[in-house]
Amino acid sequence: MLAQSFSWQVTVIILPLVAALLCFMLPKWGRWLGLVMAFAITGSVIVLAYQVMNQGALRYAVGGWGAPLGIDLYVDGLSLLMLMVVALVGLVVSVYSMAYFKAGKAVHFWPLWMLLWTAMNALFLSADIFNLYVTLELLGLAAVALVALAGGVDALGAAMRYLLVSLLGSLCYLLGVALLYHSFGTVDIALLAERVESTPAVWAAMALMTVGLLFKTALFPLHFWLPPAHASAPAPVSALLSALVVKASFYILLRLWLEVFSQDSTAAAQLLGVLGAAAVLWGGVQALRQTRLKMLIAYSTVSQIGYLFLVFPLASLMAWQAGLYLLLSHALAKAAMFLAAGNILCFGGHDRIADLDRVAQRLPLSLTAFALAGVSSMGLPFSGGFIGKWMLLDAALQSGQWWWVAVIIVGGLLAAAYIFNVIGHSFTRAEISHEAKPVPAIMEWSALVLALAAVLMGLFASWPLAVMDIGAPFGGGGS
Amino acid sequence: MYAINWDVWLPLCILASSLLPGLLIFFLPEERVVMRTLLNLGGASLKLVLVGILIWGVFNGHHYEFRFSLLPGLDLVLRADALSLLFVALSAVLWLITTVYAIGYLEGSPHRSRFFGFFSLCVTATVGVALAGNLMTFLLFFEMLTLVTYPLIVHRGTQEARRAGRIYLAYTVAGGTSLLVGTVWLYGLAGSLEFTSQGFVADLVTGHRVELVIIFVLLIAGVGVKAALLPLHGWLPQAMVAAAPVSALLHAVAVVKAGAFGIVRVVYDVYGIDFAVSLGVALPLAILAAVTILYGSVRALFQDDLKRRLAFSTVSQVSYIVLGTAIVGPVAAVGGLVHLVHQGVMKITLFFCAGNLAETLGVHKISEMDGVGRRMPWTMAAFTIGAFGMIGAPPMAGFISKWYLGLGALEAGQGWVVPVLVGSSLLNAAYFLPVLYRAWFKVPAASWPAERSFGRVETSLALLLPPLITAFLSLLLGLLASAPFSPLQWVRFIITLEYVP
């Protein structure tokens, strides 16, 4: 399978890259080009998915050069699901952005967003840690530029902070890459997994890379940059950042821990679990204290990211699957929430929770989207969040580590509290009623489609779980 | 060519008969009254017909089961067994009546599409709870019920309604969480969650007695919130801010009943009554139920707000079901389980009447009810029948329940239950008879707080007929308790399955 003349793996990277260039060169056509390309990228991801499901995990050597020298693209169930969720969220956000961005901002949004998409697709397909670094850096820069797109003091400050954190994170990661390359003479993950042994250099590399990635994933207490950045960005950008971008660095961490650092790191795994637990609780409490809707959603992301780290100390097949399931449903739900919040902001001109002023009646589709996405975040049925939580609880109880159960429970209750706080206020009348602007129907439906996808994940879990097994990313055997 | 296998699809159709109309109603513009009414009543009638077919089928030896894989090893199961038929039939009948009432009650009020949409979803969840064939499915629909009831409670959009909704959620979401943990834990131990008569835990788990007791407490606490068991009852009186049809739904058809039904399921079909006794958890549950019965009645005495008095009465009455379940003995079990039906029919009557008083005369408090029987004789007649039923006077339905409970307790050697029943009946009389006295014998005040005229009848027909029907039903249930196909006979059949030697 090494020497194919044409590969869908390359296609899903090239397409958004070409789109980015075209959108940049033809700003007048940017919106339509972007939309058409979004459909094309999604289509090619579907073809790739079809291929992977029929043939199993695929490895493709770009230009015919093999692993130690050239660049390998590798896709298994884990990468495929990431590509697919990016495609789904990306497509819907693209449709939403058609209506959201007016002429001026659209010129900048589309090339940057396509670049972001390129970076993510390349990241999920990379088979070596250096290539991962390159894509990670590209992703960070595109994301920072997108945050700055909102303009204004808040957004620029948040973007600057995001930029510094992002660079610091990549730098730490790069140092780790250098250490590993120096020790084992390769950057290919599969080769590293064979050669790696327990040496101080590996430990140092592990620490550096993990810390770098934690910065970018915004795990407590390294989350400080996330709420302002995600809350001040334009709604579609917030959706992309919270739903997808933070997951990309988590994906790298997951890969590294599964393949390269998999041996005796229980103490470090427990530490990640503790930080995750702290994130769940701290993010939840902070979300509860917020008075602005977008800040609340951003802190909810901090909290939800915490859940993903609870799987490290559990480290069973069920736990990894639960973590990935939570990640996917959170991506859909969180994107839906930010899009709905964007609609509410657009409708009333503000996002103060106490003054939501009957949006339940006046903007029912968006509030439904928010509520359904919220149900998934709380982990109540029917939603992907419930399935993920069920599996995580099961895994925690089976490993006998019942204290994680308490964290999961309290996190869920906190989520219910802050979500229903919003929903409750959306039924009541505010003291001063605001003049409302109509919201384009396409924006309302976009949010709802993503929320419904999160709900459907609660009913049709067998299929994603079957895809997860392709190439056995969690199953020890590897490709 | 495949013929549609109705044994598989009928349970799903029963679910869909309220789900689909509900979803459609959400998208109806406010002014499409006829279409909405058509969908509402059409769905409710269709469900009743389908439930009728289901019962007929079960009698003729059909085995209805719908299965859908949720997770490897865990299915969503909808199954018609003897116990689920009881609850599904109750909710289908009462839903139709409540829908008629709600259409009359909410005439001309805002946001009706939203209201009726969630109303239908609420019944969908209840039917899901009733038909659930394993604990996982039960949990799914139980939680769904929590979520879809919330918009009904905050429907009016006042700050007060929002607070009530918050309290409701604080209790029910916490309860749901407890249920979730218990369920996952039990699944880890037993590897299966399928309901089986006489329980599956005893067969599948060896040892782990301490864990099983903790899981039992978690499960009962989870469902007990909705059943308003003693320390967990606080939400119910608060939720009274909601409109009368919602109260009727909460108290008689859906939420409280789902909780009580859940306790029956956990005790009978998860643990099995014999195993529950050997774990030593049945007696504490019975004592808790007894305490709740007395506590609810005492609190009801001191309420001046009519709906709040009825709410505390519900707290008390629902625990009869729990008591009957937890006393070990077939006769008491019959009394408890049949009260699931009897309490539903009687309490819905009372809430309909309270709603009529509020809607027609603006009367909310008992102190305002002087002479109301002269102004609204039919409504108060229905109320009187319901109240006597609650007290347990023969030949009302409530008498049958209490009779079996008392007999069963003596048979099981638990004589302490009898004073509880007598005390509760006296308290019931103490808080219902003064109301009746005021209504019938006192001289009415010069004017009512907010009177609306409906011409020659005392109130609109859509409001008057439902309580009359349910009052008549509760008389009938008592008088014809020994007739074939009565709930009592059906419950006896269920109990023989559970107590088979």
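Modeller: A salt bridge here is a side-chain nitrogen of Lys or Arg within 4 Å of a carboxyl oxygen of Asp or Glu. Going by that rule, this predicted model has 18 salt bridges over all chains. The idea behind it is simple: side chains of opposite charge can pair when their charged atoms come close.

Let's start in chain A. Arg59(A) pairs with Asp72(A), and their closest N and O atoms are 3.1 Å apart. Arg59(A) sits in strand 1 (residues 58–61) of chain A and Asp72(A) in strand 2 (residues 72–75) of chain A, so the bridge ties together parts 13 residues apart in sequence.

Over in chain B, Glu30(B) and Arg112(B) make another bridge, with 4.0 Å between the closest N and O atoms. This one links distant parts of the chain, 82 residues apart: Glu30(B) is in the loop between helix 1 (6–26) and helix 2 (33–59) of chain B, and Arg112(B) is in helix 4 (residues 112–131) of chain B. Glu30(B) counts as partly exposed because its relative accessibility is 25%, and the range for that label runs between 20% and 50%. Arg112(B), at 13%, is buried.

Also in chain B, Arg67(B) bridges to Asp75(B), with the closest N and O atoms 3.0 Å apart. Arg67(B) is partly exposed, at 36% relative accessible area.

Now for where you won't find any. Between chain A and chain B the count is 0 salt bridges. The two chains bury about 3000 Å² between them, 79% of it on carbon and sulfur atoms. On the chain A side, Phe382(A), Trp390(A) and Phe427(A) lose the most area to chain B, together 25% of what that side buries. As for residue numbers, the contact takes 34 from chain A and 36 from chain B.

Trp390(A) turns up again in the nonpolar surroundings. The largest nonpolar core has 387 residues, and Trp390(A) is among those touching the most other members, along with Tyr173(A), Phe312(A) and Tyr271(B). Helix 14 (residues 317–348) of chain A gives the most to this core, with 20 residues.

Note on methods:
Residues are numbered from 1 along each chain as its sequence is written. Chains are lettered from A and ligands numbered from 1 in the order in which they are written. This is a predicted model: local features need pLDDT of at least 70, side-chain atom pairs count only at pLDDT 80 or more; totals for chains, interfaces and linings use all residues. Side-chain values use heavy atoms; hydrogens and water are left out. A nonpolar core is a set of buried Ala, Val, Leu, Ile, Met, Phe, Trp, Tyr and Cys residues joined through side-chain atoms within 4.5 Å. Buried means under 20% relative accessible area, exposed over 50%, partly exposed in between (1.4 Å probe, protein chains only). Helices (H or I, at least four residues) and strands (E, at least two) are DSSP runs, numbered from the N terminus. Contact means heavy atoms within 4.5 Å. Buried area is the accessible area (1.4 Å probe) that two parts lose on being put together, summed over both.
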